[in-house]
Amino acid sequence: MRLNFIKTILFSFSIVLFLASCQKEISIDLGSQNGGGGGTGNNNNIIGDWDYVGMTATTNSSVTVPSPAGELKAVTVSGYTTKNNTGTVNITATEFIFTGMGYTIDTMSNVKTYLNGLLIGDQDVPFTMTSPPTNNTSPYTRINNDSLTVSGSFGINNPSGLTPPGPHGIKIGWSGDTLLLRMVTSFTQSITQGGTSGTLDATLNGIIKLKRR
């Protein structure tokens with residue numbers, strides 16, 4: 001029962017990981033997607049109206065809880081590209097204004113369960129969700145030509161209530177005429193469910209893609 005509890009809670013957290021406002025920015029590197037490699041965008045000219053054309057993300061999250069037999073830990077790894085993307089984004093000098101932003105995810109995640117560091121379970125599970133159209137405003141501060149600091153949930157309401165809003169770092173890049181907004185973030189948080197206390201550790205590497213209207 002305890003193992004099933006861990007798998008259930010971990011999978012739910014992997015689903016909302018990208019939706020949550022993460023607390024700690026870590027290294028960001030767009031590599032060949034930033035500017036070169038066929039990019040045609042101008043980082044100084046992101047102000048205007050954009051269509052939301054999708055998001056790609058990889059997430060890695062773990063939940064650790066004590067048990068009479070020792071330490072139980074479940075690790076979930078997910079990677080996805082959103083489908084059925086809708087919505088627009090108005091970028092001003094100080095805000096991202098999201099209107100009707102929504103998408104679906106339909107992929108698989110891998111869940112590994114450990115007892116005292118020993119692998120005792122390895123399972124691929126379906127990862128499906130629909131984010132209904134959402135309106136949201138996220139203030140930002142321009143740091144330099146290719147980076148921003150954003151407050152708020154960056155376009156998507158946080159259904160988990162796990163983490164306070166940002167701030168988190170955004171790196172600007174381009175792929176042809178597509179604007180790439182990339183976050184690489186991580187957080188650690190204490191959790192309690194069903195009377196069991198544990199620790200959630202999560203990392204996210206995500207890119208939101210926009211095209212000028």
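Me: What makes Tyr-140 count as buried?
Reply: Tyr-140 has a relative accessible area of 9%. Buried means under 20%, exposed over 50%, partly exposed in between, with a 1.4 Å probe and protein chains only. Therefore Tyr-140 is buried.

Me: What are the ground rules here?
Reply: This is a predicted model, where local features need pLDDT of at least 70, side-chain atom pairs count only at pLDDT 80 or more, and totals for chains, interfaces and linings use all residues. Residues are numbered from 1 along each chain as its sequence is written, and side-chain values use heavy atoms, with hydrogens and water left out.

Me: Why is the pair of Phe-96 and Tyr-140 called tilted?
Reply: The rings of Phe-96 and Tyr-140 sit 4.9 Å centre to centre, with 50° between the planes. Rings of Phe, Tyr and Trp (its six-membered ring) pair if their centres lie within 6.5 Å; planes under 30 degrees apart count as stacked, over 60 as edge-to-face and the rest as tilted. So this pair is tilted. Phe-96 is in strand E5 (residues 95-115) and Tyr-140 in strand E6, so the pair ties together parts 44 residues apart in sequence. Strands (E, at least two residues) and helices (H or I, at least four) are DSSP runs, numbered from the N terminus. Phe-96 is buried because its relative accessibility is 0%. Phe-96 and Tyr-140 also share one aromatic cluster with Phe-98.

Me: How many aromatic pairs does the ring rule give?
Reply: The count is four. Among them is Tyr-80 with Phe-127, an edge-to-face pair at 5.6 Å centre to centre and 80° between the planes. Tyr-80 belongs to strand E3 (residues 70-81) and Phe-127 to strand E6, 47 residues apart.

Me: How do you know whether Tyr-80 is buried or exposed?
Reply: Its relative accessibility is 6%, so Tyr-80 counts as buried. Phe-127 is buried as well, at 0%.

Me: What makes Ser-67 buried?
Reply: Ser-67 has 18% relative accessibility, so the buried label applies. Ser-67 lies in strand E2 (residues 48-67). A polar atom of its side chain is 2.7 Å from the backbone oxygen of Gly-70.

Me: Where is confidence lowest, and where highest?
Reply: pLDDT is the predictor's confidence in each residue, from 0 to 100. Strand E1 (residues 24-25) is lowest, at a mean of 36, and strand E4 (residues 83-91) is highest, at 95. Over residues 5-39 the pLDDT is below 50. Residues 157-165 also stay under 50. The chain mean is 76, and 72% of residues reach 70 or more.

Terms used
Contact = heavy atoms within 4.5 Å. Polar contact = N/O pair within 3.5 Å; in protein donor to acceptor, adjacent residues only side chain to side chain.
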